[in-house]
Amino acid sequence: ARIVDQLLLSARLDRGTLSQAAAVCDLHALCEGVLLAAEARKPAGATLALISPTTIQPVVCDEGLLRQVVASIVDNALKYSPDGGRIEVRIVDEPDRVSVVVRDEGLGIPASEQERVFEKFYRLDAAMSRGVGGSGLGLHIARETITQMGGTVSVRSAQGLGSTFTIALPRQPQSRPASDAVPAPS
């Protein structure tokens, strides 16, 4: 069912027919919820951490789609960290954009493969020699979804040292004053 859902979502993204419900998003709560759900799936020896500013300027986006993207990238961090290690989700709040940075200490991605991981159906370990399954659609869907929101998804990685995925969303014109920052729960 998950693969069918991914195929249908991928087709809507490719056709440009994915509808988005843009609204003010509580980014701290979104990331906190993703990590709470990931706790049940984390390998032994893995730790999950959220690093967030105390206040975050509002960001306008489709919260459900953004949650799906962050969850997909966190799930990949878990899958490709079989020996555990720290998986960190950091919110970076800047005047012109907000970023969610997911960093792991897992297997890493060779430099020659870092752009290819975003291709539809591309799997870094197609033979599953590391026992990591998947459809090869998750990162493609993540990048296309964020691109359609006006943002970017990028990766930096070193083989054997882990990966850092950055989701960057532009600030949307706000109807409320910038002084109405959304406080992050402590």
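Leaving aside neighbours within four places in sequence, which residues is Ser99 in contact with? Ser99 is in contact with Arg90, Ile91, Val92, Glu94, Thr166, Ile167 and Ala168, where contact means heavy atoms within 4.5 Å. The structure is a predicted model, in which local features need pLDDT of at least 70 and side-chain atom pairs count only at pLDDT 80 or more, while totals for chains, interfaces and linings use all residues. Residues are numbered from 1 along each chain as its sequence is written, and side-chain values use heavy atoms, with hydrogens and water left out.

**Overall architecture**

- The protein has 4 helices and 9 strands; these are DSSP runs numbered from the N terminus, with helices being H or I of at least four residues and strands E of at least two.
- Along the sequence, the elements follow the pattern α-β-α-β-β-β-α-β-β-α-β-β-β.
- Of the 186 residues in the protein, 44% are buried; buried means under 20% relative accessible area, exposed over 50%, and partly exposed in between, with a 1.4 Å probe and protein chains only.
- The accessible surface comes to about 9200 Å², and 55% of this belongs to carbon and sulfur atoms; such areas come from the Shrake-Rupley method with a 1.4 Å probe, and for residues only the protein chains shown count as cover.
- Among contacts between residues at least 6 apart in sequence, 72% join residues at least 24 apart.

**Confidence of the model**

- The average pLDDT of the protein is 82, and 74% of the residues score at least 70; pLDDT is the predictor's confidence in each residue, from 0 to 100.
- Among the elements, strand 6 has the highest mean pLDDT (97) and strand 9 (residues 182–183) the lowest (54).
- Over residues 126–131 pLDDT stays under 50, and the model has 6 contacts beyond four places in sequence for this segment.
- Where pLDDT is low, the predicted coordinates should not be read in detail.

- Strand 8 pairs with strand 6 in the antiparallel sense through 7 bridges; two strands pair if DSSP finds at least two bridges between them.
- Within this pairing, Thr166 of strand 8 is the bridge partner of Val101.
- Strand 8 also pairs with strand 7, again antiparallel and over 7 bridges.
- Phe165 in strand 8 is the bridge partner of Val155, and Ser163 is that of Ser157.
- Strands 7 and 8 form a hairpin with 3 residues between them, and Gly160 in the turn has a positive phi of about 85 degrees.
- In strand 8, 8 of the 9 residues are buried.
- Ser99, which lies in strand 6, is buried at 4% relative accessibility.

- Phe118 lies in the loop between strand 6 (97–103) and helix 4 (138–148) and Phe165 in strand 8 (residues 162–170), so the pair ties together parts that are 47 residues apart in sequence.
- Both Phe118 and Phe165 are buried.
- The charged end of Arg143 sits over the Phe118 ring, 3.7 Å from its centre; this requires NZ of Lys or CZ of Arg within 6 Å of the ring centre and within 35 degrees of the ring normal.
- Helix 4 is largely enclosed by the rest of the structure, because 8 of its 11 residues are buried.
- The buried residues of helix 4 include His140, Ile141 and Arg143.
- Gly150 follows helix 4 and has a positive phi, near 90 degrees.

**Loop positions**

- Ala22, in the loop between helix 1 (2–15) and strand 1 (23–25), is exposed at 59% relative accessibility.
- The C-alpha atoms of Ala22 and Cys61 are 4.5 Å apart, although the residues are 39 apart in sequence.
- Pro53, in the loop between strand 2 (46–51) and strand 3 (55–56), is partly exposed, with a relative accessible area of 27%.
- Pro53 and Asp93 are 40 residues apart along the chain, and 7.4 Å separates their C-alpha atoms.
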